[in-house]
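Thanks, everyone. Let me put the model up, and then I'll walk you through its packing.

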Amino acid sequence: MRVTASESGKAGCIHRTVIKPGGALFTITSAMYNEPLTFDVVPGKTADTRIFQLHGPITLSTLFDFQKVLMGGTEKVTILDFTDSPYMDSAGLGAILNFYVSARRRDRHIRVVAVNYRIAELFKLTSANTLIKSYDSVEAAEAAA
C-alpha cells in the first residue's frame, strides 16, 4: 500500500544551521518542511510484522495520514524504516511516541531502522532511544526477540 500524506498548509520560511558535535554543520531548510511524506506498508517475514518504508520528512504538516495508518494496525511488531526519511520534527517524534505508548499497552513493539544522524540525535535528546530500539537493517529488526 502506498500512501501520500497531505499537506495541511505551507510552513513559513525556515532556515536553521545546526552545529553537530565536532563542529560540522547541517542545515534544516523550509524545503524539508514542504517535502511530502509518502510511505509503503509491507508485510514482514511473519504475519505479526508490518514494515513502514518512509519516504520524506515526518513533520507536523505531513504526519496525519501516517499517524492514522500507524495507529490502525494490529500486528505485534511494527518496524519504521527511515532509509529515505531525512528529517523528523518534534510533532513526528510525538506521533511515534504516542504509538509506542499505545503499543506497549497492547503488548506490541515498535522498532526503527536506518535512522540518520539528525533523527538519532532527536531520539537521544529526548531519551526516546531508551524506549525504542534502533537497528541497522530491516532484517536485524525482524530477527530481534
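Start with helix 4. Its buried residues pack against strand 6, helix 3 and strand 7. Contact here means heavy atoms within 4.5 Å. Buried means under 20% relative accessible area, exposed means over 50%, and partly exposed is in between, with a 1.4 Å probe and protein chains only. Helices are DSSP runs of H or I with at least four residues, strands are runs of E with at least two, and both are numbered from the N terminus.

Which residues of helix 4 are buried? They are Ile119, Ala120, Leu122 and Phe123. Seen down the helix 4 axis, they fall within an arc of 160 degrees, so they line one face of the helix. That arc is taken from the directions from the helix axis to the C-beta atoms.

A word on the source. This is a predicted model, where local features need pLDDT of at least 70 and side-chain atom pairs count only at pLDDT 80 or more, while totals for chains, interfaces and linings use all residues. Residues are numbered from 1 along each chain as its sequence is written, and side-chain values use heavy atoms, with hydrogens and water left out.

Now the overall layout. The protein has 5 helices and 8 strands. Along the sequence the pattern reads β-β-β-α-β-β-α-β-α-β-α-β-α. Of its 145 residues, 42% count as buried. Among contacts with a separation of 6 or more, 64% join residues 24 or more positions apart.

Next, the cores. A nonpolar core is a set of buried Ala, Val, Leu, Ile, Met, Phe, Trp, Tyr and Cys residues joined through side-chain atoms within 4.5 Å. The largest one has 25 residues. Which of them touch the most other members? Leu54, Ile58, Phe66, Leu80, Phe82, Met88 and Ile96 do. Strand 4, strand 5, helix 2, strand 6, helix 3, strand 7 and helix 4 each give two or more residues to this core. Helix 3 gives the most, with 6 residues.

Take Ile96. Leaving aside neighbours within four places in sequence, Ile96 is in contact with Ile58, Phe66, Leu80, Phe82, Met88, Ile110 and Ile132. There is also a second, separate core of 8 residues, and that one includes Ile51, Val138, Ala141 and Ala144. As general background, nonpolar side chains tend to be buried together in soluble globular proteins.

On to helix 2. Leu63, Phe66 and Leu70 are buried there. They cover an arc of only 65 degrees around the axis, which puts them on the same side of helix 2. What do these buried residues pack against? The partners are strand 4 (38-43), strand 5 (49-55), strand 6 (77-84) and helix 3.

Look at that helix pair. The axes of helix 2 (residues 63-71) and helix 3 (residues 90-105) come within 11 Å and cross at roughly 10 degrees. That makes the two helices roughly parallel. The axes are lines fitted to C-alpha atoms, for helices over the stretch in contact, and the angles run from 0 to 180 degrees between N-to-C directions. Under 35 degrees counts as roughly parallel, over 145 as roughly antiparallel, 65 to 115 as roughly perpendicular, and the rest as oblique.

From helix 2, the contact uses Leu63, Phe66, Gln67, Leu70 and Met71. From helix 3 come Ala91, Gly92, Ala95, Ile96, Asn98, Phe99 and Ser102. By class, that is 8 nonpolar, 4 polar and no charged residues. Nonpolar covers Ala, Val, Leu, Ile, Met, Phe, Trp, Tyr, Cys and Pro; charged covers Asp, Glu, Lys and Arg; the others, Gly among them, are polar.

Now the loop between helix 4 and strand 8. Ala128 is placed there. Is Ala128 buried or exposed? At 1% relative accessibility, Ala128 counts as buried. Not counting residues up to four places away in sequence, Ala128 touches Leu93, Leu97 and Phe123. Ser127 is in this loop too. At 40% relative accessibility, Ser127 is partly exposed. Ser127 has a positive phi of about 65 degrees, although it is not a glycine. Most residues other than glycine have a negative phi.

Last stop, Thr49 in strand 5. Thr49 is buried, with a relative accessible area of 10%. Its C-alpha is separated by 5.5 Å from that of Glu75, 26 residues apart along the chain. That's the tour.
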